[in-house]
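The sequence and structure are shown first.

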Amino acid sequence: MSTPLRHLPNLISGLRVVLVGPIIWALLQQRFELAIWLFVVAGVSDGVDGYLAKRFGWTSRLGGILDALADKFLLVSTFVCLWWLGVFPAWLVLLVILRDLVIVVGGVVYNARVEKVMPAPSPISKLNTLLQIVLAALGVVHLGLAPMPQWLLQGLVYAIVLTVLFSGIGYVREWSRRAAAHARR
């Protein structure tokens, strides 16, 4: 028996996309405490929708896409705002955006030319997303509440650079491998 609650994870992911606008506004208006709280709500909602989807089997292709897009919109917009506010270097923001473009464009091309892609982030990609969330949150805290140690921020930047490179290369390799296997069938 199907329940309407099975759409709850997708609804939560959609609401997380909507939260991006108020987070950007709060950051640019230098209302950092509000930005932090909104960022926390977005982070908790990310955990809740994933838990519900897995716990009750409410996973779907749409849910995987919405969840990934919500993460990308939130992180890219936060990174751009923190660059604008002088916290992050431009090259880091460009690297993060480039990786996301490789993943999105690669997924669209794979979906159009090979077969339907079911979003399934790799472990290194999950680590990269986690590190980006932590760095973005600490960047906002650094601006609004308490200065963060430079070694901590710099260490996270280097960890993100490594995971961006490994996850981006990993996606390209995996999709190439799958496309080749699909062509042989």
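The predicted model holds one cavity of 30 Å³ or more, a cavity being a set of points on a 1 Å grid over the protein atoms alone where a 1.4 Å probe fits but cannot get out. The largest cavity has a volume of about 60 Å³, volume being the space filled by probe spheres set on the points, which are joined across faces, edges and corners. Its lining (residues with an atom within 4 Å of a point) includes Arg-16, Asp-46 and Asp-71. Helix α2 (32-56) and helix α3 (61-84) each give two or more residues to this lining, and α2 gives the most, with four. Helices are DSSP runs (H or I, at least four residues), numbered from the N terminus.

There are eight salt bridges in the structure, each a side-chain nitrogen of Lys or Arg within 4 Å of a carboxyl oxygen of Asp or Glu.

Asp-71 lies in α3 and Arg-16 in α1, so their pair ties together parts 55 residues apart in sequence. Arg-16 is buried at 1% relative accessible area (buried is under 20%, exposed over 50%, partly exposed in between; 1.4 Å probe, protein chains only). Asp-67 is partly exposed at 22%. A network of salt bridges links Arg-16, Asp-46, Asp-49, Asp-67 and Asp-71.

Residues are numbered from 1 along each chain as its sequence is written. In this predicted model, local features need pLDDT of at least 70 and side-chain atom pairs count only at pLDDT 80 or more, while totals for chains, interfaces and linings use all residues; side-chain values use heavy atoms, with hydrogens and water left out.

Terms used: 1 Å grid on protein atoms, 1.4 Å probe; cavity = no way out; pocket = protein on both sides within 12 Å on 5 of 7 lines; lining within 4 Å.
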